[in-house]
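Here is a friendly briefing to read alongside the model. Please have the sequence and the 3D view open as you go.

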Amino acid sequence: MLTELAVENLGVIERLNLVLGPGMTALTGETGAGKTLVVTAVDLLLGGRANPSLVRLGADEATVEGRFDNQGEEVVLRRVVPADGRARAYVDGRLASAATLAELGAELVDLHGQHEHQSLLRRVHQRAALDRFGDVDLVPLMEARAALADLNRRRAELGGDERSRAREIELCRFQLDELDKAGLENPDEEEGLKAEEAVLADATASRDAARQAAMTMGADGAVGAGLAQIAAALESRPPLEGHHERLVNLVAEVGDLSTELRRTAESIDENPVRLTEVRQRQELLVDLRRKYGETVAEVMEFHRDLSVRLAELEDFDRLAKDLDGELDRRAGAVAEAGATVGTARRQAALALGEEVTANLRELAMARAEVQVKVGDDPGDEVDILLAANSGVPGLPLTSAASGGELARVMLALRLVVSAGPPVLVFDEVDAGIGGQVAQTVGRALSRLTADHQVLVVTHLPQVAACADRQVSIVKHDDGSTTSVTAETLEGEERIVELSRMLSGSPDSESARRHASELLEMSRG
């Protein structure tokens, strides 16, 4: 939903702020007041052409900002059009391209009138609308296509021409031979080698340190002899009996530790041959990781995959034959599912065309006829064609209708296919109509509010009366400057505006009575 629209220095608009709500909002005002500029502002938010001539005379740039509530999340779009230079676009305060703005805006708003931003003018959206209308089941076709694409990928990966396969087989065999010789079995081998290298590289120093510690702590060493002497000095002295006992135990512990250190020193063996082997193995693992993976585990996985790949290449003829047969079956399944979808789309196309045409009859296009053309199976090429008058061929919507007619065609389509962007803006939807037809158009627009927020620029009181709220766009010209204001009308104010639209005389009592009747009828 569009919750707020702020416009500065756009055409005759110096500063305009619209706070909008759900349902249908009618924008009304005198001809030339600036109503269509509001639609132009929305068009700019959707990536529309930023013409410098839109900038208000004397201003450096025009700015348009729109605040949207998109399924509970706030989205702010902003477009800046300078009088001289390139336009700028922003999404939530961050710079963006016009294409990004258009892509996001297309999900939020559809403009119906003399604008390009109408989703139903694009073939992909016309096809989606037809599928929704006809409840066309696309799942079997999508699954069949996905399965076929997967098989095509596997067939391509299996191998190309014979020379390419021969080269790949030779490479696979070379790599496998290298990996087989390496004999990788433990993914944590490098950590073990590092620990072993640390021991071997420091063997002499470690052995000498252990021997020296054992000698110092032994019975004849400084530590052992010194502790024994202290223990003897404390012996047979009752006040020191507890300390003497602890010293005796400490002497025994130091003796045991000395013995263990001596044994450890004797077990440490210098092995330069093994040290060389360990270092060479580490270099090999580094080389293999450089070629085949970040870790030894990845290299081992590459080894396994390579074995499978070589087996596939060497068994190419059989595998290719099996895949080609499966491809034929899958292609048949795609064709069968496509035929089913094509039939469903053509049936839905006939009904959709008839319903939209019936709606156009009520919207003052009595001679118009809408046809939905579906291409060959599966019918992905969908075109909605309009014959605006009797005896003329159906043409694509972009070339078959004027701005007002196109807006009514879109209205007729939306009444049948409700899905689409949450915000619908109609400009000139009431061009060339009046009376009872205008009331029909107003009620039709109001019906869309069950699924959309609707904004409509209108000159007809019958249409405006059907809106949930009405905003009056007024131009003020004091002879030197021109400004535009927007005011949401309530109560008597709305009666006055509808009276002006009915008779041009807002003070006319009969016009006011008629305006009140219109409002009552629209609410009934």
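Which residues are exposed on the other side of α2? They are Ala99, Glu103 and Glu107, where exposed means over 50% relative accessible area, buried under 20% and partly exposed in between (1.4 Å probe, protein chains only). This is a predicted model, in which local features need pLDDT of at least 70 and side-chain atom pairs count only at pLDDT 80 or more, while totals for chains, interfaces and linings use all residues. Residues are numbered from 1 along each chain as its sequence is written, and side-chain values use heavy atoms, with hydrogens and water left out. Helices (H or I, at least four residues) and strands (E, at least two) are DSSP runs, numbered from the N terminus.

**Helix α2**

- In helix α2 (residues 98–108), the buried residues are Leu101, Leu104, Gly105 and Leu108.
- These residues lie on the same side of α2 because they cover an arc of only 100 degrees around the axis; the arc is that of the directions from the helix axis to the C-beta atoms.
- The cover over the buried residues of α2 includes α1 (35–45), β4 (61–70), β5 (73–82), β6 (88–91), β8 (109–112) and β12 (423–427).

**The β9-β10-β11 sheet**

- An open sheet of 3 strands has the order β9-β10-β11, with antiparallel pairing; two strands pair if DSSP finds at least two bridges between them.
- At the edges are β9 (369–374) and β11 (395–396), each pairing on one side only.
- Strand β10 (residues 382–387) and β9 are antiparallel over 6 bridges, and Val374 has Val382 in β10 as its bridge partner.
- Lying across β9 and β10 is helix α3 (residues 123–134), which runs at about 95 degrees to β10; axes are lines fitted to C-alpha atoms, for helices over the stretch in contact, and angles run from 0 to 180 degrees between N-to-C directions.

**Thr458**

- Thr458 sits in the loop between β13 (453–457) and α16 (461–464).
- Its relative accessible area is 0%, so Thr458 is buried.
- At 3.0 Å, the side chain of Thr458 reaches the backbone nitrogen of Leu460.
- Leaving aside neighbours within four places in sequence, Thr458 has contacts (heavy atoms within 4.5 Å) that include Ala26, Lys35, Asp430 and Met501.

**Arg145**

- Helix α4 (residues 139–158) holds Arg145, which counts as partly exposed because its relative accessibility is 35%.
- Beyond its neighbours within four places in sequence, Arg145 is in contact with Val334, Pro378 and Asp380.
- Arg145 and Ser446 are 301 residues apart in sequence, and their C-alpha atoms are 41 Å apart in space.

Terms used. A polar contact is a pair of N or O atoms within 3.5 Å; within protein, one must be able to donate a hydrogen and the other to accept it, and residues adjacent in sequence count only if both atoms are side-chain atoms.
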